Amino acid sequence: MTGVAAGVMLLVACGKEHQCKCVTTDVPDDGTLKVLVMDGSISCDDIKEMAFEEHVTSGGGNRLRTVDVHQVECRSYGE
């Protein structure tokens, strides 16, 4: 029974969301607040690159186009 309780606690801990605040490191940071909401399985320190995607509709199809890719350093937003 203890193993089941430990497994449930592990699932609950991994499911919690947290916020990461990021700043660009490859270009001067523009001061815009960049906050990502991550699940509990990813640490803010693990995020090294951030990009934005635009939704593009052309020729009857839809796709995502990656724009504005930057190297970043992130930390927990609450710190």
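Figure 1. The model is predicted: local features require pLDDT of at least 70 and side-chain atom pairs count only at pLDDT 80 or more, whereas totals for chains, interfaces and linings use all residues. Residues are numbered from 1 along each chain as its sequence is written, and side-chain values use heavy atoms, with hydrogens and water left out. The side chain of Asp-29 meets that of Lys-34 in a salt bridge, at 3.0 Å from N to O; the term denotes a side-chain nitrogen of Lys or Arg within 4 Å of a carboxyl oxygen of Asp or Glu. Lys-34 is buried, with a relative accessible area of 11%. A salt bridge also links Lys-34 to Asp-30, again at 3.0 Å from N to O. Asp-30 is exposed, with a relative accessible area of 58%.

**Figure 2. The salt bridge between Arg-65 and Glu-54.** By the rule above, the count comes to 3 salt bridges. The side chains of Arg-65 and Glu-54 form one of them, at 2.4 Å from N to O. Because Arg-65 belongs to strand E4 and Glu-54 to strand E3, the pair ties together parts that are 11 residues apart in sequence. Arg-65 is partly exposed at 38% relative accessibility, and Glu-54 is partly exposed with a relative accessible area of 34%. Elsewhere, salt bridges with shared partners join Asp-29, Asp-30 and Lys-34 into one network.

Figure 3. Helices (H or I, at least four residues) and strands (E, at least two) are DSSP runs numbered from the N terminus. Strand E3 (residues 49-58) pairs with E4 in the antiparallel sense over 9 bridges; two strands pair if DSSP finds at least two bridges between them. His-55 has Leu-64 of E4 as its bridge partner. The hairpin has 2 residues between its strands, and Gly-59 there takes a positive phi near 60°.

**Figure 4. Strand E1 and its neighbours E2 and E4.** Strand E1 (residues 18-24) runs antiparallel to strand E2 (residues 34-38), and 5 bridges join them. Cys-20 has its bridge partner, Leu-36, in E2. Another 5 bridges join E1 to strand E4 (residues 61-76), also in an antiparallel arrangement. In E4, Arg-75 is the bridge partner of Lys-21.

**Figure 5. A nonpolar surface patch.** Leu-33, Val-35 and Tyr-77 form the patch, which has about 250 Å² of accessible area in total. Patches consist of residues with over 30% relative accessible area and no salt bridge; like charges are joined within 9 Å, and nonpolar side chains (Val, Leu, Ile, Met, Phe, Trp, Tyr) within 5 Å. Areas come from the Shrake-Rupley method with a 1.4 Å probe, and for residues only the protein chains shown count as cover. Val-35 is placed in strand E2 and is partly exposed, with a relative accessible area of 32%.

**Figure 6. The protein chain as context for the close-ups.** The secondary structure comprises 1 helix and 4 strands, in the order α-β-β-β-β from the N terminus. Of the 79 residues, 15% count as buried. The accessible surface of the chain comes to about 6,000 Å², with 56% belonging to carbon and sulfur atoms.

Key:
Buried < 20%, exposed > 50% of the residue type's maximum accessible area, 1.4 Å probe, protein only.
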